[in-house]
Amino acid sequence: MNKYKSLAMNTVIFAIGSFGSKILVLFLTRLYTSNISPADSSTKELLEITLNFLLPIFTLSISSATMRYGLDKEYNKKQVYTGSFIVCMGGLVMLFIISPLFKLISFLSYMDGYLFLLLLYVCASAFRDLNSQFVRAKQLLKLYSFDGILTTLTLFLFNVIFISKLHMGVKGFMLASILSDSLSALFLFFTGRVYKYLRIKSFDAELTKVMLRFALPVIPTTIMWTITGFSDRLFIRYMHSDTAVLGEASAGIYGYASKVPNLILMVSTIFYQAWNMSAITENNSKDKSSFYRTVYNAYQAMLYIATAYLIAFVKPITAIFVDSGNYSEYGDVYLYTPILAISVLLISLNQFLSSIYTATCHTKNSAWTSLSACVANIILNIILIPKMGIQGAAIATLASYLVCYILRIFDTRRLIYFRVCHADFLLNMIMLLIMSYAIIEQPELKMFYLVCGLIFATSYNFRPIMMTVRKLLKRH
């Protein structure tokens, strides 16, 4: 099959399984804002981020290697899954052993009353992630997509029961997530016949070491991205300022401001799941440079257009997903979304470039570029948040992701070269920043800026999309 058609087909399969379910998750934001105060929402956000922090550390990010080596026909899938399962189990046992030490760390006080639920949440998420990545490695993409739908439906149902009906707040959210992830892990384990690949006799120490050498650099990469999101909320929650409003409520508002740009991240993640598989399977092809160039140009063009439209209509879109009826503080959420939307665009581009590190097994490069973003984010948070409050955190996030993008766009093309037009990136970024200014500052020419931005985004970025469409329509 044409490699472009294969990528498109996989993207469609992932989209069918993910798009509706991810939209449903966004509507959960409305349920949360209707039933959970901004202060408690901040606690909920911090617990979610803590999960993302603990998961790669105590599973050694082995699920990333599960997909990479499971897809490779040179390796035995029983050995791949068994090694991954044993590593995952060992790490989670260690987490339970050292978890009492968390109570001794003062800035983790938000865990009080939630620690045991958090540990269960990590376990459920770890096994769901492991099984879902192995199902992808077996190329059971329809099952993978169906599980995405099923998991979201159970998550939605449990949230309605525990939060809307039983009014359990943050604990209700934790219970809903644990049950949903556990059911997904079991569903994939049995329906995908993953259990057939779990054989202690198949454990291969040498292969497991190879997988760990691939996976271990992914740990700091994941942690750095988590810290980048984690530090924003911690600084907003605990820093003091004479000029900006900070605290728990502000941290909760910032958390929901980052939800709406997830519309873009939702689409880009669907594509990334398919693209990551193509990057691995096409790693040895002769025309991979042309393939990368064509796909990347179309991908970034679609991101620019989507981000421009999201910024232009950010206020009505935010009103759909964020309910400010019970808590009026949520009414200003849309003001912080435009800058975060551009940040998500940069995350999406960084994801694309990280696939090169995965395909070529240069995960160490992914780690140091992520570290640069993390350091930049922390420094800028310290400088900007006391002066600019929530908007300062958003600007710090954008700048840190931009640092990572600049490093990766030059570093990755040493591994797999493909032509990139930097002028396109610069012009589109300027256009998006002008549109963001129009939403945040509300100048007299606001509508003029927004309309011109939409016209530019659509017309300027139309050509690379059509070029890719023509390649898809070719018979040979």
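Buried means under 20% relative accessible area, exposed means over 50%, and partly exposed lies in between, with a 1.4 Å probe and protein chains only. By this rule cysteine 123, at 16% relative accessibility, counts as buried. The structure is a predicted model, in which local features need pLDDT of at least 70 and side-chain atom pairs count only at pLDDT 80 or more, while totals for chains, interfaces and linings use all residues. Residues are numbered from 1 along each chain as its sequence is written, and side-chain values use heavy atoms, with hydrogens and water left out.

**View 1. Cysteine 123 is in no disulfide.** A disulfide is a covalent bond between the sulfur atoms of two cysteines. Here the term is applied to a pair of cysteine sulfur atoms within 2.5 Å. A search of the whole structure finds 0 disulfides. For cysteine 123, the nearest cysteine sulfur belongs to cysteine 88 and is 8.2 Å away. Another cysteine, cysteine 421, is partly exposed, at a relative accessible area of 36%.

**View 2. Aspartate 147 and arginine 128 form a salt bridge.** A salt bridge is a side-chain nitrogen of Lys or Arg within 4 Å of a carboxyl oxygen of Asp or Glu. Side chains of opposite charge can pair when their charged atoms come close. In this pair the closest N and O atoms are 3.2 Å apart. Helices are DSSP runs (H or I, at least four residues), numbered from the N terminus. Aspartate 147 is buried, with a relative accessible area of 1%, whereas arginine 128 is partly exposed at 23%. The structure holds 4 salt bridges.

View 3. Glutamate 206 counts as exposed, at 54% relative accessibility. Lysine 209 is partly exposed, with a relative accessible area of 46%.

**View 4. Aspartate 411 and arginine 414 meet in a salt bridge.** Their side chains are 2.5 Å apart, N to O. Both residues lie in helix H16 (residues 390–415); being 3 residues apart there, they are separated by about one helical turn. Arginine 414 is exposed, with a relative accessible area of 59%.

**View 5. Lys78, Arg193, Lys196 and Arg199 form a positive surface patch.** Patches are made of residues with over 30% relative accessible area and no salt bridge; like charges are joined within 9 Å, and nonpolar side chains (Val, Leu, Ile, Met, Phe, Trp, Tyr) within 5 Å. Lys and Arg count as positive and Asp and Glu as negative, while His and the chain ends are not counted. The place of a charge is taken as NZ of Lys, CZ of Arg, CG of Asp or CD of Glu. Lysine 196 is in the loop between helix H7 (169–191) and helix H8 (205–215), and is partly exposed at 38%. Arginine 193 is in the loop between H7 and H8 and is partly exposed at 47%. Phi of arginine 193 is near 55°, a positive value in a residue other than glycine.

**View 6. Leu371, Val375, Ile379, Ile382 and Ile383 make a nonpolar surface patch.** Its area is about 410 Å², and accessible areas come from the Shrake-Rupley method with a 1.4 Å probe; for residues, only the protein chains shown count as cover. Valine 375 lies in helix H15 (residues 363–388). This valine 375 counts as partly exposed, at 40% relative accessibility.

**View 7. Glutamine 442 has a positive phi although it is not a glycine.** The value is about 55°. Glutamine 442 lies in the loop between helix H17 (422–441) and helix H18 (446–460). Glutamine 442 counts as partly exposed, at 39% relative accessibility.

Conventions. Helices (H or I, at least four residues) and strands (E, at least two) are DSSP runs, numbered from the N terminus.
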